[in-house]
Amino acid sequence: MTSPRRVPIFDGHNDVLLRLYRRGGTDAPRAFLEGEAKGQLDLPMARQGGFAGGLFAIFVPSTDGAIGPNGETSSQNVSSGALLPPAVELTRAQRAVFSMVSLLLRIERESQGRVRVCRDVNDIQQGLENGVLAAVLHIEGAEAIDPNFELLDVLYEAGLRSLGPVWSRSNAFGHGVPFRCPSSPDTGPGLTDLGKELIGACNRLRILIDLSHLNERGFWDVAAISDAPLVATHSNAHALSPHSRNLTDKQLAAIRETGGIVGVNFATSFLRPDGRQDADTPTELVVEHLDHILKHVGEDGVGFGSDFDGAKIPAGIGNAAGLQNLVEVMRTRGFGETLIEKICFRNWLRVLGQTWGDSRRGVLTPMATINC
């Protein structure tokens, strides 16, 4: 009996750079490349689970470190409404961003060809075809960007191709959603005037704009300004989990109208109706959110945004090594192979190609030539 075919997965969001940054040490790149049985994503886990690449986020942690990128704290569940820390000062944010950019570049340099920082869709496709992990540099929260956007130009040259104007705390560019469940995503003002200028700057550079941590008013501000597909790299359906971080059906319809994409998040807080952080959450809930978003965005507008190393995820997936378990659940639920391929990687590459202006528009070679 033949084993099920492995499908490569391009993922919309992970926080492994934050984990390595907090870990510290000059051997952090080696820890990622060789693995050390910690965290949810490293190169050996990626190889085992078919994780072929994704958006590697840079998140500047708060000074006290009391709250993580998805509202996790040591003392309270996200559903109770974690209090958000104040904005991070520019210079400190820039130091953290430089450190994490350096981490990713050193991982690439020390990988001996096993990892590549990708700047266009052709780079990603070559990685898929050659079994090279395709990493795209993403910033989650623009605290490090100066008001003149000079650093934005520098980071673009370093490989930045995706940016979320805010994390959930407010900054000079806008206001994010707090971590509350149940809650509407309509929680306050949206983009500032400077934030609206940032959207224009990203459009000019063809940098993807991530909507995942923006509140609803900020979402609609971007929709009114941006000429690119609307993208939420790691968000779920508010109709199934009434968390402030999730998207309403009206927002999903707007994403569909622009040919955008939603990366379904594995964080149990955004999967469960009660918003709890609980690894004893069925993997099938991920597929429930996939199915709902498929109905509202269409089969070309759904992918994954795992949140590896940034969230508690269902034990049935566990870490990047368990991604094919999710693929098998999709098959069990009647998803055909063509749709599975779209969700796992083709939809992401289509949207990235359209956003970045790549002439190939994410058109990939047949599946048989892709290694994972």
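Me: Axes are lines fitted to C-alpha atoms, for helices over the stretch in contact, and angles run from 0 to 180 degrees between N-to-C directions. With that convention in hand, what makes helix 4 and helix 6 count as roughly parallel or roughly antiparallel to each other?

Reply: This is a predicted model, in which local features need pLDDT of at least 70 and side-chain atom pairs count only at pLDDT 80 or more, while totals for chains, interfaces and linings use all residues. Residues are numbered from 1 along each chain as its sequence is written, and side-chain values use heavy atoms, with hydrogens and water left out. Helices (H or I, at least four residues) and strands (E, at least two) are DSSP runs numbered from the N terminus. The axes of helix 4 (residues 90-110) and helix 6 (residues 150-158) come within 12 Å and cross at roughly 10 degrees. Angles under 35 degrees count as roughly parallel, over 145 as roughly antiparallel, 65 to 115 as roughly perpendicular and the rest as oblique, and the two helices are therefore roughly parallel.

Me: How do you know which residues make the contact between helix 4 and helix 6?

Reply: Contact means heavy atoms within 4.5 Å. By that criterion Q94, V97, F98, V101 and L105 take part from helix 4, and L151, L155 and A158 from helix 6.

Me: Why is the pair R19 and D309 called a salt bridge?

Reply: A salt bridge is a side-chain nitrogen of Lys or Arg within 4 Å of a carboxyl oxygen of Asp or Glu. R19 lies in helix 1 and D309 in the loop between strand 9 (302-304) and helix 12 (323-332), so parts that are 290 residues apart in sequence are tied together. A search of the whole structure finds 19 salt bridges.

Me: What makes the phi of D309 worth a remark?

Reply: Most residues other than glycine have a negative phi, and most peptide bonds are trans. The phi of D309 is near 65 degrees, a positive value in a residue other than glycine. R206 likewise has a phi near 65 degrees, and sits in the loop between helix 7 and strand 6 (208-209). A cis peptide bond, with omega about 0 degrees, joins C181 and P182, and P182 lies in the loop between strand 5 (160-164) and helix 7 (193-205).

Me: How do you know that E34 forms a salt bridge with R114, and what are the accessibility classes of E34 and R114?

Reply: The closest N and O atoms of E34 and R114 are 3.3 Å apart, which makes the pair a salt bridge. The pair links distant parts of the chain, with E34 in helix 2 and R114 in the loop between helix 4 and strand 3 (115-117), 80 residues apart. E34 has a relative accessible area of 45% and is therefore partly exposed, and R114, at 24%, is therefore partly exposed as well.

Me: Why are E337 and R331 placed in their accessibility classes?

Reply: E337 is called partly exposed because its relative accessible area is 32%, whereas R331, at 19%, counts as buried. Their side chains meet in a salt bridge at 2.8 Å, N to O, and both belong to a network of salt bridges that links R5, E328, R331, E337, E341 and R346.

Me: How do you know that D42 has no salt bridge?

Reply: Lys and Arg count as positive and Asp and Glu as negative, while His and the chain ends are not counted. D42 is buried, and the nearest side chain of opposite charge, R19, is 5.2 Å away. A polar contact is a pair of N or O atoms within 3.5 Å; within protein, one must be able to donate a hydrogen and the other to accept it, and residues adjacent in sequence count only if both atoms are side-chain atoms. The backbone nitrogen of M45 lies 2.8 Å from a polar atom of the side chain of D42.

Conventions:
Buried means under 20% relative accessible area, exposed over 50%, partly exposed in between (1.4 Å probe, protein chains only).
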